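Trainee: I'm new to this one and don't want the whole tour. Please pick a single part, look at it closely, and tell me how the pieces there sit together.

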Amino acid sequence: MSLVPGYVPESAALVELRREVREFISEQLAAGAFTPGVDTWLRGWDEEFTRALAGRGWLGMTIPVEYGGHGRSFTERFVVTEELLAAGAPVAAHWIADRQAAPSLLRYGTEPQKRRYLPEIAAGKLFWAIGMSEPDAGSDLASVRTRGIRADGGWRVSGTKVWTSGAHLAHAFFLLARTEPVDPANRHAGLSQFIVPLDSDGITISPILSMDGAHHFNEVHLDDVFVPDDMVLGTIGEGWTQVTSELSYERSGPERFLSTYRLLAGLVGAASSGDVPRHSDIGSHIARLAGLHRMSSAVSGALQRGDSVSSAAAVVKVLGTSAEGDIAELADRIVGRDGPAPLRELADHAVIQRPGFTLRGGTNEVLRGVIAKELGLR
């Protein structure tokens, strides 16, 4: 009996798909197409690699064929993304578009929106960002202050979004804005989502640099940006419900526990060869990732069935990102300053990224509250 409800052992077809992806990755590595890294779904922006994946049919996998996709299952997509993340492949360029934008467009988008954007996402030509977080709001999306004001033929939007990964390179983003005054009895009411091209008049994008000087995050300021009615996503006033659904895709995937997988794999190899000391915690982290694989895979299956997964996704995110950070800390201690240079470099990158693991996609503290509320514990 499975220890994880909803988990189904992989079929022969999925095992074969894993083999195909691994063979592709080996070919790419042999050709010098990329250097394996950590946190590559955020750090690894490589549009050429994205186009290579699109050429294999591994983008837009769950998008129906009539919208330029491949009509495959969430479990098939899970297999592909898990293998890419485990390999430390550079997948950041298409990540948000494929993971989040596509399913949200399929669920809430109009027919013209689907036909405009989905084929480009599947082709690896359209890159997306997310405009949710704001200064002083953090994970409390009910506190957003970006406002959408009714205008002739659309909306005028003003406000500031922060931590918008890849916005300086992306083409568009989903923007969450308040379109009605705050209702103290229901602070989540009156929020709406818009599709906003990032080259729109009135948008200023400023970099937020990481401690190592890398540029992944941005502040996006909107000054009276006009958004036509045909770029409303879903229903005005239903933004909170839509965002909650969207976050399930963001929080439950293998990127929530595999960001530091290359580092753990490196530790295993270095410990086996005697280049670093053996440590019992290496084995415990392998066991944690095995359990997280099962949990995340079960959520993927639930998404395929159309089940509600918000609390399950939050659990994966909390446990997975904690594991990622613990691996970074363990590697930092074991490798030391004089350990193998490639492993030391991976460890340095992981330690720098570690604070973001438990913050992005909703802080783990907030998500514990979400889990407790949905389980009736508060």
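Mentor: Let's look at domain 2 and its two sides. The C-alpha centres of domain 2 and domain 3 lie 29 Å apart; the bounds, 130-237 for domain 2 and 251-375 for domain 3, come from an automatic or database domain assignment. Bear in mind that this is a predicted model, where local features need pLDDT of at least 70 and side-chain atom pairs count only at 80 or more, while totals for chains, interfaces and linings use all residues. Residues are numbered from 1 along each chain as its sequence is written, and side-chain values use heavy atoms, leaving out hydrogens and water.

On this side, four residues of domain 2 are in contact with six of domain 3, contact meaning heavy atoms within 4.5 Å. About 460 Å² is buried there, 65% of it from carbon and sulfur atoms; that's the accessible area (1.4 Å probe) both parts lose on being put together, summed over both. Salt bridges between the two number zero (a Lys or Arg side-chain nitrogen within 4 Å of an Asp or Glu carboxyl oxygen).

Now turn to domain 1 (12-126). The largest nonpolar core has 46 residues, a core being buried Ala, Val, Leu, Ile, Met, Phe, Trp, Tyr and Cys residues joined through side-chain atoms within 4.5 Å, with buried meaning under 20% relative accessible area (1.4 Å probe, protein chains only). Domains 1 and 2 both give residues to this core, so it lies between them. Leu 105, among the residues with the most contacts inside it, touches Ile 121, Trp 128, Phe 174 and Leu 233, among others.

Terms used: Buried < 20%, exposed > 50% of the residue type's maximum accessible area, 1.4 Å probe, protein only. Buried area = accessible area lost by both parts, 1.4 Å probe. Lists of a residue's contacts leave out its neighbours within four places in sequence.
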